[in-house]
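This report describes one protein structure for a reader who is new to the subject. The sequence and the three-dimensional view are shown first.

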Amino acid sequence: MIKLKLLSISILAIIVLSSIIANQPAHASTKNKPLPIKKVRVRSYQNRTLKVTWKKTRGADGYQIYRYEPKKKKFVKAGEVEAGKKAWISPKVKKKQTYKVRAFRKNGRKKVYGKFSYEVSAIFYKKQAKKVNAGRIIPSFTYKKLNYYDTLNIKVRIKPSTHAGNKRAKVYDKKLRWYSSDKKIARVDDKGVVTPTGKPGVCQIYARAHNGNCTGDITVKVVNYARPDQFRDVEHTQKDIAKLLTNYPEELKEIAEYFERKHAEKKGKAPTGSIYLNDGRTAIEANSKMEFKEIYDVLFKVLDSFPGEMYIMVTDDIVKFNLSNEHYKNVLRYCFNSLEGIEEDARHFRVASRWVYENYRYI
């Protein structure tokens, strides 16, 4: 009797377990959204159609293509394909079309959607057309080492698509979409200007055309030059300058760029003067009208914590971080204007694009 009860319980357990397994969704990880789509592109195709392509995403059960509707001012679903496909051909088009793509996974009767891709757009054109989509995107370089205090302007060339067979054809949309692989290392604006943002390291910068065609990796290595190569030839360089560049890079940039903005706002007529600390740790200004309230905390973080005597001077077009003493002159300057035309020598040389180091020994 006991054996029969145990057998009945075992059979019931098997039935319940089988029911649970049968009702499980196709993927064990369906609760997780699919990854965003990568390498989305669109190009002119056949019979007045456009062809959208993308890179497959692992675990996707299919892809949805959305088209922007100007009258409705929103994207609407234009098509859907199975997981094995990585392309979709549009209906016939007359004007420029803009698309974006997302992957989905099936969760029972429902679908779990991933994030939409970036937008891509293109026009259809016939042979020998005068206006075409973008072809190759060619950067002027693929690797640069960038000083923390510098900026970098990346130039690229957009070649027209060769699909039309017209060597004189022009790209109808030359705007590029710039982005960085790591904004903690460097950011890039919509004009291709790269600016370091906080820490040394390596990141990739990309430029993408309207139709998704993209540059390869443009590798940027951000380095904080605490002691540039020129310092090796400066016999009396004090250690203070290395500490200033190494320990306060963000503060130096923030202070210099703040006063540069003030002079630009005042069209070069902003008050000038010197800022330093007296025995009572109080700010002393050579010109009481000089504005620095917004940058006060940063100024005194540097002035008060720097392990050495220093004062900061603002003139018509320069911010000076003066570390001089009775034996040596050590000055780090930030120039609001370009340094082109400045002659360098053993006492006077560039640290970065608009940063100059001056030094000499008093006789």
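The structure is a predicted model.

**The largest pocket**

The largest pocket holds about 360 Å³ of space. It is lined by 18 residues, and those closest to its centre are Thr151, Arg187, Thr195, Lys253 and Glu257. Two elements give two or more residues to this lining, namely strand 17 (193-196) and helix 3 (249-265). Helix 3 gives the most, with 5 residues. By residue class, the lining of the largest pocket comprises 8 charged, 5 polar and 5 nonpolar residues.

**Aromatic pairs**

A pair of aromatic rings is described by two quantities, the distance of the centres and the angle of the planes. The structure contains 11 aromatic pairs. The table gives two of them.

| Pair | Centre to centre | Angle between planes | Arrangement |
|---|---|---|---|
| Tyr68 and Phe75 | 5.2 Å | 65° | edge-to-face |
| Trp88 and Tyr99 | 5.6 Å | 70° | edge-to-face |

Why does the pair of Trp88 and Tyr99 count as edge-to-face? The planes of the two rings stand at 70°, and an angle over 60 degrees counts as edge-to-face. Trp88 belongs to strand 5 (residues 87-89) and Tyr99 to strand 6 (residues 97-107), so this pair ties together parts that are 11 residues apart in sequence.

Are the residues of this pair buried or exposed? Trp88 is buried, with a relative accessibility of 10%, and Tyr99 is buried as well, at 0%. Both values meet the cut-off, because buried means under 20% relative accessible area.

In the pair of Tyr68 and Phe75, the two residues fall into separate classes of accessibility. Phe75 has a relative accessible area of 17% and is therefore buried. Tyr68 has a relative accessibility of 32%, so it counts as partly exposed; this class lies between the limits of 20% and 50%.

Aromatic residues also occur as a group: Phe321, Tyr334, Phe336 and Trp355 form one aromatic cluster.

**Charges over rings**

Aromatic rings may also be considered together with charged side chains. The charged end of Arg102 sits over the ring of Tyr113, at 3.9 Å from the ring centre. Likewise, the ring of Phe104 has the charged end of Lys111 over it, 4.4 Å from its centre.

How values were computed
Residues numbered from 1 in each chain as written. Predicted model: local features only at pLDDT ≥ 70, side-chain atom pairs only at ≥ 80, totals over all residues. Heavy atoms only, no water. 1 Å grid on protein atoms, 1.4 Å probe; cavity = no way out; pocket = protein on both sides within 12 Å on 5 of 7 lines; lining within 4 Å. Points joined across faces, edges and corners; volume = space filled by probe spheres on them. Helix = DSSP H or I, 4+ residues; strand = E, 2+ residues; numbered from the N terminus. Nonpolar A, V, L, I, M, F, W, Y, C, P; charged D, E, K, R; others polar. Phe/Tyr/Trp six-rings, centres within 6.5 Å; stacked < 30°, edge-to-face > 60°. Buried < 20%, exposed > 50% of the residue type's maximum accessible area, 1.4 Å probe, protein only. Lys NZ or Arg CZ within 6 Å of the ring centre and 35° of its normal.
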